Amino acid sequence: MSLSVVLRYLYPQADPLRDYVLGDEGLGDGPQIVAWTLDTPQPTPEELEAALPAAQARAADQAEMDEVGAELAERYSLHARALALRKAQTAQEIEEEAASLLAYQQEIRDRATTSPS
């Protein structure tokens, strides 16, 4: 289980350097919560395990959003270059690609907001 992914999912406002600390005690069972300063009770291993699938899905969505964002930035740069070179047809094609990417980005956003937290 990726403990940091689950904790970021369950406590998105928490600061992992201030609100909790993870450590590996060398017992072979991976990272554990070694300090907890949040006002809410520390989650049980069962609660963490139950949240894992949703946390992994949210992390995958975020990674996909980052990738789409990078692709959009590239398209905007290409679009500006096409306009500067007065290549209207190329600029139009890039606009269509960007619109498609924006629609896909919205699908990811919608998926993330409809999944239970």
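**View 1. The aromatic pairs of the predicted model.** The count comes to 2 aromatic pairs, where rings of Phe, Tyr and Trp (its six-membered ring) pair if their centres lie within 6.5 Å. Planes under 30 degrees apart count as stacked, over 60 as edge-to-face and the rest as tilted. This is a predicted model, in which local features need pLDDT of at least 70 and side-chain atom pairs count only at pLDDT 80 or more, while totals for chains, interfaces and linings use all residues. Residues are numbered from 1 along each chain as its sequence is written, and side-chain values use heavy atoms, with hydrogens and water left out.

**View 2. Tyrosine 11 and tryptophan 36, an edge-to-face pair.** The ring centres of tyrosine 11 and tryptophan 36 are 5.3 Å apart, with 75° between the planes. Tyrosine 11 lies in the loop between α1 (3-10) and β1 (20-23), and tryptophan 36 in strand β2 (residues 32-36), 25 residues apart. Helices (H or I, at least four residues) and strands (E, at least two) are DSSP runs, numbered from the N terminus. Tyrosine 11 is buried at 19% relative accessible area; buried means under 20%, exposed over 50%, partly exposed in between (1.4 Å probe, protein chains only). Tryptophan 36 is also buried, at 17%.

**View 3. Tyrosine 20 and tryptophan 36, a stacked pair.** The planes lie at 25° and the centres 5.9 Å apart, so the pair is stacked. Tyrosine 20 is in strand β1, 16 residues from tryptophan 36 in strand β2. Ring pairs link Tyr11, Tyr20 and Trp36 into a cluster.

**View 4. Aspartate 61 in helix α2 (residues 45-84).** Aspartate 61 has 10% relative accessibility and so counts as buried. Leaving out residues up to four places away in sequence, aspartate 61 touches Ile108, Arg111 and Ala112; contact means heavy atoms within 4.5 Å.
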